[in-house]
Amino acid sequence: KMEVKPLSYWMKRAQNVVNRYVRVRDANLPCISCGRPPEWGGQWHASHFRSVGAASNLRFNLKNIHKSCSICNSHLSGNIMHYRPALIEKIGYSEVERLESDNSIKKYSVEYLKKIERVFKKKIVSIETRRG
C-alpha cells in the first residue's frame, strides 16, 4: 500500500520529521521572533522564515526553519518583522540575503522525501541520546 501513496503523503511525512528535528535542535533557544523563553509552557512550532507557499524550494532548508512559539507562528504569521533581525543575529546577514533571494525551483521525488525522513529521524535520536 505504501507504493501507491501520493507525493503529498511523503512530503507531509518529511516536513513533519524536519519540523520535529528543528524543535529538538532549538529546544534550549527562545522563540526566534519574540524571544519567549524555552521554559514557556505553550506549544512550540518550527517556523519557516520564507513560507513554504512563497518558497517551497526552501521547505527543508534548516537555515530557513527555526523554533517559534505558536503565538508568533500561527497568530502573527511568523512575526516576520522580529524574525528577520533575530535570524540575521543567528545565521548572519549574507545567509539571510541568500534565503531571501533564492527563488530556484525544486522538484522532490518520493525517494528523496523518504531519505529526508530517515536522515532526520536519526538526527533526532542522536540529539536526544546526547542530551540524555
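## Basis of the model

The structure is a predicted model in which local features require pLDDT of at least 70 and side-chain atom pairs count only at pLDDT 80 or more, while totals for chains, interfaces and linings use all residues. Residues are numbered from 1 along each chain as its sequence is written, and side-chain values use heavy atoms, with hydrogens and water left out.

Helices here are DSSP runs of H or I with at least four residues, and strands are runs of E with at least two, numbered from the N terminus.

Leaving aside residues up to four places away in sequence, Leu 113 is in contact (heavy atoms within 4.5 Å) with Leu 7, Trp 10, Met 11, Ala 14, Phe 60 and Tyr 108.

## Aromatic pairs and charges over rings

Six aromatic pairs are present. Rings of Phe, Tyr and Trp (its six-membered ring) pair if their centres lie within 6.5 Å; planes under 30 degrees apart count as stacked, over 60 as edge-to-face and the rest as tilted. Tyr 9 and Trp 10 form an edge-to-face pair, 4.9 Å centre to centre with 90° between the planes. Trp 10 is buried at 6% relative accessibility, whereas Tyr 9 is partly exposed at 25% (buried is under 20% relative accessible area, exposed over 50%, partly exposed in between, with a 1.4 Å probe and protein chains only).

Ring pairs also link Phe 60, Tyr 108 and Tyr 112 into a cluster. Two lysines lie over tryptophan rings (NZ of Lys or CZ of Arg within 6 Å of the ring centre and within 35 degrees of the ring normal): Lys 67 over Trp 44, 4.0 Å from the ring centre, and Lys 114 over Trp 10, at 4.8 Å.

## Strand β2

Ser 68 belongs to strand β2 (residues 65-69) and is buried, with 0% relative accessibility. Apart from residues up to four places away in sequence, the contacts of Ser 68 include Cys 31, Ile 32, Trp 44 and Asn 73.
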